[in-house]
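Student: Hi! Could you walk me through this model?

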Amino acid sequence: MKLLLKCALFALGLAAAHAPAQAHVFLVDSVPAKKQEVMHPLAHIKLTFSGKADALFSTVKLVDARGAIVAETTQEAASRQMTMPAPALQPGTYRVCYRVLSADGDIVEGKVDFEVKGLNQTANALDRQNAES
């Protein structure tokens, strides 16, 4: 009887050790960063997650202060990163909204707020400095 119990516990332990780890995906990094003040034009918006996000059901949207969608994308293949080309942005507050389907089947949603400062003002000031030199 004890041998049968030991074998059963051993088999159960083996099964648990080989079971795939399922966990929610969470955001680990973003470009731009949360609450960042962007002083230069962005080439792209990039989100990096703790695990792969499903390609068909994962989306990223860039929304302006009025709530209008400025850009949006899905990804072509399951990946830990989602990248979207950034359009030319006027000074103001923006929000990157993401919705990803993680490997465990759960939907994870979140947002990254950032602010674009006077890009044109910065460029104009640099032009004036160069002209005065």
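Predicted model: local features only at pLDDT ≥ 70, side-chain atom pairs only at ≥ 80, totals over all residues.

Student: What order do the strands take in the open sheet of 3 strands?

Tutor: The order is E1-E3-E6, with antiparallel pairing. Strands (E) are DSSP runs of at least two residues, numbered from the N terminus, and two strands pair if DSSP finds at least two bridges between them.

Student: Which strands stand at the edges?

Tutor: E1 (27-31) and E6 do; each has a single partner strand, so one side of each lacks a neighbour in the sheet.

Student: And how many bridges join E1 and E3?

Tutor: They pair over 4 bridges, and aspartate 29 stands opposite threonine 48 in E3.

Student: New topic: where is glutamine 75?

Tutor: Glutamine 75 sits in the loop between strand E5 (69-74) and E6.

Student: Is glutamine 75 buried or exposed?

Tutor: Buried, because its relative accessibility is 11%; buried means under 20% relative accessible area, with a 1.4 Å probe and protein chains only.

Student: What does its side chain reach at 2.6 Å?

Tutor: The side chain of glutamine 75 reaches the backbone oxygen of alanine 53. The backbone oxygen of alanine 77 lies 3.3 Å from a polar atom of that side chain.

Terms used:
Residues numbered from 1 in each chain as written. Heavy atoms only, no water. Buried < 20%, exposed > 50% of the residue type's maximum accessible area, 1.4 Å probe, protein only. Polar contact = N/O pair within 3.5 Å; in protein donor to acceptor, adjacent residues only side chain to side chain.
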